[in-house]
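This report describes strand pairing, a nonpolar core and selected residues. Please consult the sequence and the model alongside the text.

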Amino acid sequence: MAFITNDRVKETSKTTGTGTITLAGAATGFITFNAGIGNSNTTYYTIVGEDNPSEWEVGMGTYTHAGTSLSRDTVIGSSNGGAKTSFTAGTTIVF
């Protein structure tokens, strides 16, 4: 397990609530977290609501290939006063 940063890593998600984010595939012109970060590695992340842009979160999380998920380990800032944002239905962008 390592701390990895990489350019052009961007996926979509339909995950709601405050739990682990299930990633749904790379946005056009970008690469997946699997390709750019790799299994079990930690990285910075930003999540923003594509359908609800007032919902956002920045933090550090761990990518897991099984289930293509990103944990939300440490929140650095958010639209929820610095706590995990409870994302509502719709598409979010994770990068």
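## Pairing of β4 with β5

Strand β5 (residues 69–70) pairs with β4 in the antiparallel sense over two bridges; two strands are said to pair if DSSP finds at least two bridges between them. Helices (H or I, at least four residues) and strands (E, at least two) are DSSP runs, numbered from the N terminus. Tyrosine 63 has leucine 70 in β5 as its bridge partner. The two strands form a hairpin with four residues between them, and glycine 67 in the turn has a positive phi of about 90 degrees.

The model is predicted: local features need pLDDT of at least 70, side-chain atom pairs count only at pLDDT 80 or more, and totals for chains, interfaces and linings use all residues. Residues are numbered from 1 along each chain as its sequence is written, and side-chain values use heavy atoms, with hydrogens and water left out.

## Other partners of β4

β4 (residues 56–64) also pairs with β3 (residues 42–49), antiparallel and over seven bridges. These two strands form a hairpin with six residues between them, and threonine 43 has glycine 61 in β4 as its bridge partner.

Strand β6 (residues 74–78) runs antiparallel to β4 and is joined to it by four bridges. Here valine 75 in β6 stands opposite glycine 59.

## Nonpolar core

The largest nonpolar core has 11 residues: Val9, Ile21, Leu23, Phe33, Ile37, Tyr45, Ile47, Tyr63, Leu70, Phe87 and Val94. Such a core is a set of buried Ala, Val, Leu, Ile, Met, Phe, Trp, Tyr and Cys residues joined through side-chain atoms within 4.5 Å. Two or more of the core residues come from each of β2 (21–26) and β3.

Tyrosine 63 is in contact (heavy atoms within 4.5 Å) with residues including Leu23, Phe33, Ile37 and Leu70, leaving aside neighbours within four places in sequence.

## Selected loop residues

Threonine 85 lies in the loop between β6 and β7 (92–94). This threonine is buried, with a relative accessible area of 3%; buried means under 20% relative accessible area, exposed over 50%, and partly exposed in between (1.4 Å probe, protein chains only). Not counting residues up to four places away in sequence, threonine 85 touches Trp56, Arg72 and Ser78, among others.

Arginine 8, in the segment before β1 (11–13), has a positive phi near 70 degrees and is partly exposed at 48% relative accessible area. Serine 40, in the loop between α1 (33–36) and β3, has a positive phi of about 70 degrees although it is not a glycine. Serine 40 counts as partly exposed at 31% relative accessibility.
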